[in-house]
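Have the sequence open alongside.

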Amino acid sequence: MLLFLSQEPEARPGPPPVAAAAAGLGPAPGMSVCGEAVGAGSLPSELVVHIFSFLAGPDRLRASAACSHWRECLFYPALWPRLRLSLRVSPAERPRLEFLMRKCGWFVRELRVQFAADNYPSGGGGSGAAAGGEMGAAAAAGDGEAPPPLCPRWLDLLRTYLELVLCVLSSVRNNRNLQKLSLFGDISILQQHGSISNTYLGKVDPDGKKIKQIQQLFEEILGNSRQLKWLSCGFMLQIVTPTSLSSLSNPIANTMEHLSLLDNHIPGNTTLITAVELERFVNLRSLALDFCDFTAEMARVLADSNHVPLHRLSLLVHSVSIMHKSLDSMPEDENWKALTRNSTNLRVYIMAFDVKSDDMLRILKPSIPLERIHFDSYITCVSGAVVDLISRQYDKFLTHFILMNDVIDMSGFPDLSDNRNEDPLVLLAWRCTRLSLLAVHGYTVWAHNLIAIARLRGSDLKVLEVTEESIDFDQGELADQDVDPVHNLIEQVSLGLGRPWHAVMDIELLSVFTEPTRHFYREMQSFSEGI
């Protein structure tokens, strides 16, 4: 289903009678209906648009059914400054997408598009295993093994995906009013096969014409832009190349405020932006990159006094990137200190996909102003030492902590408190006084520790999500016949938080657990907009 939202106008005192009538809210006294000599159909376009400006989106759509004249006025540019699309990768989407983009693509100021395959055919992983599937496939490719076979439906999905991307990009290629462009390509086929996706691209685009056309269109959009302030491209298959940003003119690069380039599918040691290229973006307030692309030299560029203070930095730490690239060029602690001196309000968001604990201990420098961190594991689990380091180093900044282990065997979750006097999660709640969100799945959380966390943070902990299968009880709690341990846990945690609480019974209901990539991209957008 195609979903679209337009920016609603500012609140007004109330719709005039004709607006209420058009929205189906009652007849307007003395007004004629369409088809009569004098009626709604004879109103000037400017007045119809003015009427529409009072209506909410659904009411505006219903009002446009009054007559063909009102339907034409529905797509007046002033009514559609913002367009947000969530597209299923399905052939049925194409005619509707083409219609909407033909109407709005040439004038829309903010365009956000998400591509997603929500019906996963047999032979491929679902969204819950997306990150893990990518790790496994990438590892297999690295070992020289043949890629897993794809069913015909997968190839159809990839073919449709390319067509939809072409449709979106071709419709905005000459839009000089575009101020925000955000593209997100979270379809399972891209994640499932990671760096070996070229094998399957060759089956649906043998000569590479569509990919080249997509890349050229993207560069045309950048080259034609005159007002672009926000550019975000995440997990879009081969849409951004190392030369894409050179299409931006210097005046546009100099005034860009947000830049997000996240793509795990580029080959080898290729990077999408260099420190030299970053020097043009002197007005950048928010940046999102692969961690292996964020070098010490980039940190020095951003710390320069010629650059405005950076407010938000989102970094994706990925095992695939670490495998193909290196951590040797990453910023050292002195680079972070220099950066925070120039950007005193800087806050950092890190998403770590299946990263080894030893690598995380190298990455987590003391001077990083880390506000949010999200671990998603499929093969490699986070150690208690990493959690303990985070609670000690970032106690003044940390607000969000997500710990996800997408294990297949539910019988034995890793226990972070093994061989420790205190549970690292309890210490995290005790030390990090700004902690407002804690989500855990796939790690053992003892019931008494969960109660301690709730009591330590109280109502300041706005979100506490722990899956039912992650919670375990001491033998003493289970042996007490007079107390139901589950009921007691719910009661004590609810008292500690000051609100009703329950464990997460169905993991499929939470995108943070089932769709980590999409969750990270959505949160990164919100994180960057919250300056």
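## A threonine in a loop

Where is the place of Thr399? Look in the loop between α17 (384–393) and β11. Keep in mind as you go that this is a predicted model.

Is Thr399 buried or exposed? Thr399 has a relative accessible area of 8%, and anything under 20% counts as buried, so Thr399 is buried. Setting aside neighbours within four places in sequence, Thr399 touches Glu371, Arg372, Arg434, Leu435, Ser436 and Leu437. Leu461 sits 62 residues away from Thr399 in sequence, yet the C-alpha to C-alpha gap is 9.1 Å.

## The second largest cavity

Searching the whole structure turns up three cavities of 30 Å³ or more.

By class, you get four nonpolar, two polar and two charged residues.

## Two helices side by side

Now over to helix α5 (residues 93–104) and helix α7 (residues 152–172), whose axes come within 10 Å and cross at roughly 5°. That angle is under 35 degrees, so α5 counts as roughly parallel to α7.

On the α5 side, the contact uses Glu93, Arg94, Leu97, Glu98 and Met101. From α7 come Glu163, Leu164, Cys167, Val168, Ser171 and Val172. The contact has six nonpolar, one polar and four charged residues.

Notes:
Residues are numbered from 1 along each chain as its sequence is written. This is a predicted model: local features need pLDDT of at least 70, side-chain atom pairs count only at pLDDT 80 or more; totals for chains, interfaces and linings use all residues. Side-chain values use heavy atoms; hydrogens and water are left out. Axes are lines fitted to C-alpha atoms, for helices over the stretch in contact, and angles run from 0 to 180 degrees between N-to-C directions. Helices (H or I, at least four residues) and strands (E, at least two) are DSSP runs, numbered from the N terminus. Angles under 35 degrees count as roughly parallel, over 145 as roughly antiparallel, 65 to 115 as roughly perpendicular and the rest as oblique. Contact means heavy atoms within 4.5 Å. Ala, Val, Leu, Ile, Met, Phe, Trp, Tyr, Cys and Pro count as nonpolar, Asp, Glu, Lys and Arg as charged, and the others, Gly among them, as polar. On a 1 Å grid over the protein atoms alone, a cavity is a set of points where a 1.4 Å probe fits but cannot get out, and a pocket is an open set with protein on both sides within 12 Å along at least five of seven lines; lining residues have an atom within 4 Å of a point. Grid points are joined across faces, edges and corners, and a volume is the space filled by probe spheres set on the points. Buried means under 20% relative accessible area, exposed over 50%, partly exposed in between (1.4 Å probe, protein chains only).
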